Amino acid sequence: MSVSFEGLGLTAELADTMTRLTQVGATLAHMIARNGIEGDLSQAAGVNAGGDGQKALDVIADEAFMDALRDSAVIHYASEEQDDVVDFDTGSLALAIDPLDGSSNIDVNVSIGTIFSIFPAAETHEASFLRPGSEQIAGGYIIFGPQTALVVSFGNGVHHWVLEPGGDTWTRVADPRPLPQDTSEYAINASNYRHWPVPVRAFIDDLVAGAEGPRGRNFNMRWIASLVAETHRIITRGGVFLYPGDDRDGYARGRLRHVYECAPIALLVTQLGGGATDGADQILSNIPNRLHARTPFVFGSSAKVARVAAYYDLPHDETHALFNKRGLFRS
């Protein structure tokens with residue numbers, strides 16, 4: 001295994017933990033590339049702590065990360081696939097992880113990934129993980145797609161490595177640039193339109209109206225249904241992603257988990273000059289009330305994220321679609 005974190009100011013404990021994450025990442029990349037050849041990784045394997053269906057690869061990935069970190073500097077291991085925090089013998093770090101994000105896309109060959117967040121360990125599980133995301137000392141993801149890549153922040157910029165195809169060597173490549181502000185792409189699951197809160201519907205209606213609407217320009221919608229893939233696209237070329245809460249049973253707070261999905265992505269995006277909110281409040285300032293807490297999530301180019309928040313501040317009678325005198329929202 002070859003990966004280097006030299007020159008980034010990491011402690012020996014954090015560098016070792018990152019190396020272990022990349023070792024598992026390389027193993028999973030090879031396994032995913034052979035899906036269907038040696039077995040079906042997309043077959044059902046139960047239900048996780050959040051009530052979502054598990055795939056075989058969810059369980060395999062979770063066990064692999066646990067095994068790799070068991071004798072590392074990680075003492076508290078929190079996973080989407082575990083009901084409670086798993087404690088190891090000793091260590092100074094607390095790691096939260098979605099071992100395999102987007103597993104429902106395994107069988108259709110769409111990019112999937114691993115999302116992770118690292119904090120200094122505290123005396124209790126609650127103090128270790130139920131804290132502002134601004135206290136993360138590392139956050140990022142491994143994406144398994146046409147390339148397998150590691151994108152991570154240690155609180156001072158965002159860094160990028162690519163896995164050598166068929167091997168276990170990670171090569172440092174150019175770091176992502178600051179997010180562009182003037183973009184015309186947005187991502188949301190439009191099939192849930194009728195369930196969204198009024199401000200989100202008004203925001204999207206004004207985008208759909210295009211050049212003839214209050215925004216005065218045309219926009220393109222993207223939706224991959226894989227959080228890691230959506231994040232990688234926005235980090236690469238900007239835009240805005242929305243997963244709001246809605247009025248369906250169980251969706252009042254959306255479906256994304258604060259601790260091990262939204263907080264690390266918020267760290268990456270804000271390090272690139274972008275924004276990340278729950279629609280109104282900053283994700284990195286919010287404190288989750290439980291390990292598997294969900295949160296609405298809006299992230300991307302800062303101007304776009306701020307614009308969504310502005311819709312929440314409008315009087316109710318001004319949030320209906322195509323209110324053409326809403327000059328505040330013209331491009």
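Which backbone oxygen lies 2.9 Å from a polar atom of the side chain of Thr 17? It is the backbone oxygen of Glu 13, and a polar contact here is a pair of N or O atoms within 3.5 Å, where within protein one must be able to donate a hydrogen and the other to accept it, and residues adjacent in sequence count only if both atoms are side-chain atoms.

Good morning, colleagues. This is a predicted model, in which local features need pLDDT of at least 70 and side-chain atom pairs count only at pLDDT 80 or more, while totals for chains, interfaces and linings use all residues. Residues are numbered from 1 along each chain as its sequence is written, and side-chain values use heavy atoms, with hydrogens and water left out.

Let me stay with Thr 17, which lies in helix H1; helices (H or I, at least four residues) and strands (E, at least two) are DSSP runs numbered from the N terminus. Thr 17 counts as buried because its relative accessibility is 0%. The classes are buried under 20% relative accessible area, exposed over 50% and partly exposed in between, with a 1.4 Å probe and protein chains only. Not counting residues up to four places away in sequence, Thr 17 touches Leu 69, Ser 72, Ala 73, Val 74, Leu 93, Leu 95 and Ile 118, contact meaning heavy atoms within 4.5 Å.

Helix H1 itself covers residues 12-33. Its 22 residues reach 32 Å from the first C-alpha to the last, close to the 32 Å expected at 1.5 Å a residue; the expected span is 1.5 Å times one less than the number of residues. Among the buried residues of H1 are Leu 14, Leu 21, Leu 28 and Ile 32.

H1 also gives the most to the lining of the second largest pocket, with four residues. That pocket holds about 390 Å³ of space. On a 1 Å grid over the protein atoms alone, a pocket is an open set of points with protein on both sides within 12 Å along at least five of seven lines, a cavity is a set where a 1.4 Å probe fits but cannot get out, and lining residues have an atom within 4 Å of a point. Grid points are joined across faces, edges and corners, and a volume is the space filled by probe spheres set on the points. Of the 20 lining residues of this pocket, Ala 29, Ala 33, Phe 144, Gly 145 and Thr 148 lie nearest its centre.

I turn now to helix H4. Eight of its 11 residues are buried, so H4 is largely enclosed by the rest of the structure. Its buried residues, including Phe 203 and Leu 207, pack against E11, strand E13 (240-243) and helix H7 (302-313). After H4 comes Gly 210, whose phi is positive, near 65 degrees.

What do H4 and E11 supply to the second largest cavity? Strand E11 (185-187) and helix H4 (198-208) each supply at least two residues of its lining. This cavity has a volume of about 40 Å³, and Phe 203, Leu 207 and Lys 304 are among its lining residues. The largest cavity has a volume of about 60 Å³, with Trp 196, Trp 223 and Arg 248 among the residues that line it.

Finally, Pro 180 lies in the loop between strand E10 (170-173) and E11. Pro 180 is partly exposed, with a relative accessible area of 33%. Leaving aside neighbours within four places in sequence, Pro 180 is in contact with Arg 237, Gly 238 and Ser 301. The C-alpha atoms of Pro 180 and Ala 303 are separated by 9.5 Å, although these residues are 123 apart along the chain. Thank you.
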